[in-house]
2 protein chains.
Amino acid sequence: MDVSVLGEFGLIDRIRRSVGKDIHRDVLVGIGDDCGVIEIGHDKLLLFTTDMLVEEVHFSQKTYTPYQIGWKALAVNISDIAAMGGLPKHCLVALGLPSNLSTNFVDELYKGISKIGAEFEVDIVGGDIVKSRFLVINISLLGEVKREYLKRRSEAHVGDKVAVTGTIGDSACGLAILQDNREVIEEIKGHVIQKHIFPYPRVREAQVIRGLANSMIDLSDGLASDVMQIAKASSVGVNIFIDKLPISPETRMIAEVLSKDPRDLALYGGEDYELLFTIDEENLRRLDIPITIIGEITSRTQGLKLIDELGNSEDLVPKGYEHLTGSN
Amino acid sequence: MDVSVLGEFGLIDRIRRSVGKDIHRDVLVGIGDDCGVIEIGHDKLLLFTTDMLVEEVHFSQKTYTPYQIGWKALAVNISDIAAMGGLPKHCLVALGLPSNLSTNFVDELYKGISKIGAEFEVDIVGGDIVKSRFLVINISLLGEVKREYLKRRSEAHVGDKVAVTGTIGDSACGLAILQDNREVIEEIKGHVIQKHIFPYPRVREAQVIRGLANSMIDLSDGLASDVMQIAKASSVGVNIFIDKLPISPETRMIAEVLSKDPRDLALYGGEDYELLFTIDEENLRRLDIPITIIGEITSRTQGLKLIDELGNSEDLVPKGYEHLTGSN
């Protein structure tokens, strides 16, 4: 069986079962959340995450500058740390470089990494440089969180509201307009392309949400796919209200030009790097940052449902971006 | 200028200068040693390292089974932790997989990682799986060391003896015989191929050496290249005695069949994953594990010298394996 048949999530489940039990008692969370979690002090937890970006899979030199690739490579890791309630601290940068790549390209790549690193106070403490037939960039990032603030995927409770930060679908819309260069007003196009090229991880928002929410994940693979991860890990069901999705006016406008349904971009598009979290009603009232309620946690037997404005429900199919099949 | 002109080490120097000062005061060692080093307690240091292996650059599916690739991918990281005196603890595995790769391949890869992981008590706590045009495996590893036992490249002193564990050149010899399949007695061939395919990091030896040595590095790029790293970081010179190099009888025998100079394999071959360290004479007498003295630290102005059995000296050219030029 090819790995593309099993898909990324199937393969992760398979690996988790085969790898077996952890050896060290200090491993609080192993394979299957945004980060590995390791106890390093009475009250202090270490968060440990890694992301690989491959040329022509995650980016193309046609649409990304090296600076932008560097920014994004660290941004996606920072987002994983934020999703568990932590602050990012130290990273390693491993690069697979074609021999004919210019040193200027590498300089610019590092400028992008350093820029977002400075923004979120992340140090580059080492790495690896090897030869490769095409560009591969793999950043590993350490972060920290106090034990009481750790947020996992697996703690959603029946009755919780489901909420997101920011707007969703912009990144997928930005990618679509980059690939299909229609006539769109420059400022409108710029907004969604910016969201695709320069994801800005919600570290500050996460610091507020973590004290009040029950579970959290970052939106990397698409809302449908990521909400399924919470449902699965927490053994619950979920209702998502399709008319509540926070979709920007820019994405609605461009989707129309491209004859796409903006709700599809929001549900299945991925790479928004917003936070998706579940929170009980009492804590929701105490949360004083802008968020949007998009659904509610139900019991496991009720499954994953998408509810329209008339109250009609259909199954929510978690067809977010699958890294191994490469399909939406 | 292409990155291959500057080479791996030139590029690392360039990056180190451009990245600038660390933001966190808890970074004890940044870019340029085997691991990044971070303070996490009064006396406890975190070691953080990463290595990327790329298909057809670091291994070929023609000569490596997936199990062997997995073993090696973690082994090279464990060796970096050992080189700084630490014990390996937790790792992340990032995989770039071609869509048509079999799930069985991934199972075997993880069996290799898990096997050496169990041997050295390393937990796999997460990772990433993405699509790639060819196989890329990037493992990031955390380790720990007490502050007093941390060994760096930069603490070699004039007068120190230079020593290595085990034998050197076997791995390069193993690779050579894999690539040039001459008639050699199976057991002899097996010995050097085993050293190439299944590097066994010197964690236990490092635990003894760390309390006595002044500086340490693992032999990954080749003795000439790695000893230059110590000389450069410590601002010292070094004499290496060519007739003292610990070369196994197997490597001598196969080198003759292949018309290669075994001393070249030992000096420039790389991937031995033995420890290279410098130690003063008094501590050397207290070291009770098998090691070989191969040289001595001199003053910086004396440079890097290779001394033959007659006392003739020539410059030691650090032409170990260069990852970006891919040449020896």
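**Figure 1. Overall view of chain A in the predicted model.** Chain A contains 10 helices and 13 strands, and the model shown here is a predicted one. The C-alpha trace of chain A spans about 55 × 55 × 45 Å along its principal axes. A compact globule with 328 residues would have a radius of gyration near 20 Å, and the 19 Å of chain A agrees with this value. Of the 328 residues in chain A, 56% are buried. Among contacts in chain A with a separation of 6 or more, 82% are made by residues 24 or more positions apart.

**Figure 2. The contact between chain A and chain B.** Chain A contributes 65 residues to the contact, and chain B contributes 65 residues. On the side of chain A that touches chain B, two or more residues come from each of the helices α1 (3–19) and α3 (103–119) and from each of the strands β2 (36–39), β3 (44–54), β4 (87–97), β5 (123–131) and β6 (136–146) of chain A. Helix α1(A) gives the most to this side, with 10 residues. Sorted by class, the side of chain A that touches chain B comprises 31 nonpolar, 22 polar and 12 charged residues.

**Figure 3. Helix α8 of chain A and its buried face.** Helix α8 of chain A covers residues 249–257, and A:Glu250, A:Thr251, A:Ile254 and A:Ala255 are buried in it. Viewed down the axis of α8(A), these buried residues fall within an arc of 125°, so they line one face of the helix. An α-helix has 3.6 residues a turn, so residues three or four places apart point the same way. The exposed residues A:Pro249 and A:Glu256 are carried on the face of α8(A) turned away from the buried side. After α8(A) comes A:Ser259, which has a positive phi near 55°.

**Figure 4. Packing of α5 against α8 in chain A.** The axes of α5(A) and α8(A) cross at roughly 110° and come within 9 Å. The two helices α5(A) and α8(A) are therefore roughly perpendicular to each other. From α5(A), the residues A:Ile188, A:Lys189, A:His191 and A:Val192 meet A:Glu250, A:Thr251, A:Met253 and A:Ile254 of α8(A). This contact of α5(A) with α8(A) has four nonpolar, two polar and two charged residues.

**Figure 5. Packing of α4 against α5 in chain B.** In chain B, helix α4 (residues 170–179) and helix α5 (residues 186–197) pack with their axes 7 Å apart, at an angle of about 110°. This angle makes α4(B) roughly perpendicular to α5(B). The residues of α4(B) that take part are B:Asp170, B:Ser171, B:Cys173, B:Gly174, B:Leu175, B:Ile177 and B:Leu178, and they meet B:Lys189, B:Val192, B:Ile193, B:Lys195, B:His196 and B:Ile197 of α5(B). By class, the contact of α4(B) with α5(B) holds seven nonpolar, three polar and three charged residues.

Figure 6. B:Val203 belongs to helix α6 (residues 203–209) of chain B. Because 21 other C-beta atoms lie within 10 Å, B:Val203 is buried; the cut-off for a buried residue is 20 or more. Leaving aside residues up to four places away in sequence, B:Val203 touches B:Ile78, B:Ala82, B:Leu87, B:Pro88 and B:Phe120. B:Leu275 is 72 residues from B:Val203 in sequence, and their C-alpha atoms are 9.3 Å apart in space.

**Figure 7. The loop residue B:Asp221.** B:Asp221 is located in the loop between β8 (215–218) and α7 (223–234) of chain B. This residue, B:Asp221, counts as buried because 25 C-beta neighbours lie inside 10 Å. A separation of 7.3 Å is found between the C-alpha atoms of B:Asp221 and B:Gly269, which are 48 residues apart along the chain.

**Figure 8. The strand residue B:Lys146.** B:Lys146 is part of strand β6 (residues 136–146) of chain B. With 13 other C-beta atoms within 10 Å, B:Lys146 is partly exposed. Residues up to four places away in sequence not being counted, B:Lys146 touches B:Asp43 and B:Lys44. The C-alpha atoms of B:Lys146 and B:Ser220 are separated by 24 Å, and the two residues are 74 residues apart along the chain.

Key
Residues are numbered from 1 along each chain as its sequence is written. Chains are lettered from A and ligands numbered from 1 in the order in which they are written. This is a predicted model: local features need pLDDT of at least 70, side-chain atom pairs count only at pLDDT 80 or more; totals for chains, interfaces and linings use all residues. Axes are lines fitted to C-alpha atoms, for helices over the stretch in contact, and angles run from 0 to 180 degrees between N-to-C directions. Helices (H or I, at least four residues) and strands (E, at least two) are DSSP runs, numbered from the N terminus. Angles under 35 degrees count as roughly parallel, over 145 as roughly antiparallel, 65 to 115 as roughly perpendicular and the rest as oblique. Two residues are in contact if their C-beta atoms, placed from the backbone, lie within 7 Å. Ala, Val, Leu, Ile, Met, Phe, Trp, Tyr, Cys and Pro count as nonpolar, Asp, Glu, Lys and Arg as charged, and the others, Gly among them, as polar. A residue is buried if 20 or more other C-beta atoms lie within 10 Å of its own, exposed if 12 or fewer, and partly exposed in between; C-beta atoms are placed from the backbone. The arc is that of the directions from the helix axis to the C-beta atoms. The radius of gyration is taken over C-alpha atoms; the globule rule is 2.2 Å times the number of residues to the power 0.38.
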